[in-house]
Amino acid sequence: MKKFISVITAAIMLAAPVCSNAFAAGEEIPQVQPDFIEFNKNDVSGAFIFELPENSSAKVIVTFESPEDEPGTIYYEKVLKSEDGLKYSFPLEGFDNQIDADGNIIEGRLYSVEITVEDTEHMLFSKTYKDENISVPTGEDDGVIQKYSFYTLKIENTESDKDYTVSHSTVEFDEKTCDAQIITFYVDEAFTKGDVNDDTVVDAKDASLVLSEYALLATGGASKFSEKQKKAADVNNDTVVDAKDASKILFYYATAATGGKPSWD
């Protein structure tokens, strides 16, 4: 009995849908290992391809529904980081589905994909994009991918009445014309990590503000920081603004001031 997934594509652009040139025809994209232990590489006939913007990470969860498995069974659960690479391939097993009159799957497999992105430069998170009831037709039992779908993710640090927008395009890849969903995630209240006073510079002034805030909180006082300032000040990402953050800001500033390449790592 074979199951099928329809490969989805999401490419995120700000422009109107056009054929994307982001993927070279013979380009080799690293494959991600599935979390589903019963994965059979010989049944692979599709793939999701994800492309990240610079200075970002994306949490990608692929689940599936089938008559044999619990709804929401995890197929992939990964955090992709642009610093490790901008493009990733998620191989997918393909199966021939049978759906009843009520839309319930009685044979095969339907996939769902959830994507949440983070602007790692400004520590801003998007809402979750979700696509459901995705199918991938069966292949030839040789593991050769017959259908690709693309997600090219982008982030806009602007206020919007929408969490994201989706448009559609095509990508020429592996001698195939592939579907692409173009998704732009909107995040607001943009800030730069370490720039607590929002003067576009990370320096000793920011460290001093953090130390003053920490001293105030340590003596039972009420915070004077806005939510935006708290996010900018928490440079070690431990959800607490304290002397550790001030120390990291000073080190960052000193590295930059002496001609080094500062990093928050």
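A: Here are a helix and then a strand residue, taken in turn.

A: This is a predicted model, where local features need pLDDT of at least 70, side-chain atom pairs count only at pLDDT 80 or more, and totals for chains, interfaces and linings use all residues. Residues are numbered from 1 along each chain as its sequence is written, and side-chain values use heavy atoms, with hydrogens and water left out.

Q: Which residues of H1 are buried?

A: Asp-206, Ala-207, Val-210 and Glu-213. Buried means under 20% relative accessible area, with exposed over 50% and partly exposed in between (1.4 Å probe, protein chains only).

Q: How do they sit around the axis of H1?

A: They fall within an arc of 125° seen down the axis, so they line one face of the helix. That arc is taken from the directions from the helix axis to the C-beta atoms.

Q: And what covers them?

A: The cover includes helix H2 (227-233) and helix H3 (243-257). Helices here are DSSP runs (H or I, at least four residues) and strands are too (E, at least two), numbered from the N terminus.

Q: What's just after H1?

A: Gly-220, with a positive phi of about 85°.

Q: New topic: where is Ile-106?

A: In strand E6, residues 105-107.

Q: Buried, exposed or in between?

A: Ile-106 counts as partly exposed, because its relative accessibility is 47%.

Q: What does Ile-106 touch?

A: Leaving out residues up to four places away in sequence, Ile-106 touches Pro-67, Gln-98, Ile-99 and Asp-100. Contact means heavy atoms within 4.5 Å.
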